[in-house]
Amino acid sequence: NKKIHAIERICLLGSALIYIKGPKFLIYVSGALSMWGDRMWHFAISVFLIELYGRNLLLTAVFGLVVAGSVLLLGALIGDWVDRNPRNKGIHS
């Protein structure tokens, strides 16, 4: 009974290591780190704007509205442009 549990643990650890070294896991980690870095920059800019404007949230709110508005207005246009144009043009040259 103990040997069966030990073999099951070894198989579980082996499959976990295979998953961690696989491309799917690395893509998830890359996306998570990218989003975390982006959010850290937004937080840092917001703290800087609060200090810059005398501990008032007006400048930070305007910054948030400008970022959200530009994503809302330009996100679909830029996405369509990226989809229409070849992405790896620079790689082949």
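At which residues does UniProt place the feature "transmembrane region"? The unreviewed UniProt entry gives residues 12-37 and residues 57-79. The structure discussed here is a predicted model, and the values below were computed from it.

**The annotated spans**

In the model, residues 12-37 are 96% helix and 0% strand, and the C-alpha atoms at the two ends of this span lie 32 Å apart. For residues 57-79, the span is likewise 96% helix and 0% strand, with its end C-alpha atoms 32 Å apart.

| Helix | Residues in helix | First to last C-alpha | Expected at 1.5 Å a residue |
|---|---|---|---|
| Helix 3 | 27 residues | 39 Å | 39 Å |

Just after helix 2, G54 adopts a positive phi of about 75°.

**How the two helices pack**

Helix 2 covers residues 23-52 and helix 3 covers residues 58-84; they pack at an angle of about 145°, and their axes are 8 Å apart. On the side of helix 2, the contact is formed by H42, I45, S46, L49, I50 and L52. Helix 3 contributes L59, T60, F63 and V67. Of the residues in this contact, 7 are nonpolar and 3 are polar, while none is charged.

Technical notes:
Residues numbered from 1 in each chain as written. Predicted model: local features only at pLDDT ≥ 70, side-chain atom pairs only at ≥ 80, totals over all residues. Heavy atoms only, no water. UniProt positions renumbered as here; feature names shortened; annotations may be inferred. Helix = DSSP H or I, 4+ residues; strand = E, 2+ residues; numbered from the N terminus. Axes fitted to C-alpha atoms, helices over the stretch in contact; angles between N-to-C directions. Contact = heavy atoms within 4.5 Å. Nonpolar A, V, L, I, M, F, W, Y, C, P; charged D, E, K, R; others polar. Expected span 1.5 Å × (residues − 1).
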